[in-house]
Amino acid sequence: MLAPRWDAASYLANSTGGGNPAKKGAATFSYLTTLVLSAKQGAEERAEDAHIRTAFINPQDTKPYMSAKKVPGQTVEDPLHRTVSATRRDNNRKPAVKQCRRYWGANYTNGGKEYDEYPFATTYEGAAEHDYDPEVRKFNFSVKPIPKDDNRAGGNLLQGF
């Protein structure tokens with residue numbers, strides 16, 4: 001376990017200290033955890049797991065194409081970082097949807113599909129990361145239409161995570 005640190009992020013319950021700066025913030029414990037998705041037959045999130053697995057193992061087979069793609073989140077040294085910013089989340093979704101339309105057409109949702117993106121829209125490393133940090137490689141993400149039920153099952157696991 002890593003040592004605790006003091007945090008007063010605006011989304012925390014005690015971010016203002018109730019008007020008393022001396023009571024602002026709280027101790028938080030820093031640790032890394034892993035999100036486990038299943039590739040087993042019958043697993044609700046199986047299609048999402050397969051998408052992320054391809055992004056890790058065969059990134060050249062993912063869209064959008066980028067020759068040097070190496071999506072983050074594969075190692076402890078390169079973790080994903082969750083964002084609570086609704087603006088950042090929405091901005092991550094826009095390029096993901098745009099690339100789905102580019103590669104699969106405007107009707108990519110036919111047959112009960114939704115777009116799936118990795119890294120997740122709820123992370124700083126999402127599809128719009130390049131817009132916030134020009135040193136990050138553009139298109140270093142993966143999108144793919146997957147069955148809506150699989151996408152939502154994976155999203156529910158992530159949300160609970």
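S67 is found in the loop that runs between α1 (46-57) and α2 (86-104), where helices (H or I, at least four residues) and strands (E, at least two) are DSSP runs numbered from the N terminus. With a relative accessibility of 65%, S67 counts as exposed; buried means under 20% relative accessible area, exposed over 50%, and partly exposed in between, calculated with a 1.4 Å probe on protein chains only. Between the C-alpha atoms of S67 and Y103, which are 36 residues apart along the chain, the separation is 16 Å. The loop between α1 and α2 also holds P64, and the peptide bond that joins K63 to P64 is cis, with omega at about -5°.

This is a predicted model, in which local features need pLDDT of at least 70 and side-chain atom pairs count only at pLDDT 80 or more, while totals for chains, interfaces and linings use all residues. Residues are numbered from 1 along each chain as its sequence is written, and side-chain values use heavy atoms, with hydrogens and water left out.

The chain as a whole has four helices and four strands, and from the N terminus on these elements follow the order β-β-α-α-β-α-β-α. Taken along the principal axes, the C-alpha atoms fill a box of roughly 55 × 35 × 30 Å. Of the 161 residues, 37% count as buried. Among contacts (heavy atoms within 4.5 Å) between residues at least 6 apart in sequence, 69% join residues at least 24 apart.

The aromatic side chains come next. Rings of Phe, Tyr and Trp (its six-membered ring) pair if their centres lie within 6.5 Å, and planes under 30 degrees apart count as stacked, over 60 as edge-to-face and the rest as tilted. By this rule there are four aromatic pairs. One of them joins F56 and Y118, and this pair is edge-to-face because the ring centres are 5.5 Å apart and the planes stand at 80°. Since F56 belongs to helix α1 and Y118 to strand β3 (residues 113-118), the pair ties together parts that are 62 residues apart in sequence. F56 is partly exposed, at a relative accessible area of 29%, whereas Y118 counts as buried at 3% relative accessibility. Another pair, formed by F139 and F141, is tilted, with 6.4 Å from centre to centre and 50° between the planes. Here F139 counts as partly exposed at 26% relative accessibility, while F141 is buried, with a relative accessible area of 3%. Ring pairs also link F56, Y118 and F120 into a cluster.

F139 lies in the loop between α3 and β4 (142-147), and its phi is near 70°, a positive value in a residue other than glycine.

G126 counts as buried, at 4% relative accessibility. Not counting residues up to four places away in sequence, G126 touches N92, P119 and F120. The C-alpha atoms of G126 and N140, 14 residues apart along the chain, are separated by 8.8 Å.

A charge and a ring meet at R88 and Y132, where the charged end of R88 sits over the ring of Y132, 3.8 Å from its centre; the rule asks that NZ of Lys or CZ of Arg be within 6 Å of the ring centre and within 35 degrees of the ring normal.

How do α1 and helix α4 (residues 148-160) pack, at what angle and with their axes how far apart? The angle is about 80° and the axes are 7 Å apart, where axes are lines fitted to C-alpha atoms, for helices over the stretch in contact, and angles run from 0 to 180 degrees between N-to-C directions. The two helices, α1 and α4, are therefore roughly perpendicular to each other, a term for angles of 65 to 115 degrees, with those under 35 roughly parallel, those over 145 roughly antiparallel and the rest oblique. On the α1 side the contact is made by R46, A47 and E48, and on the α4 side by D150, N151, G154 and G155.
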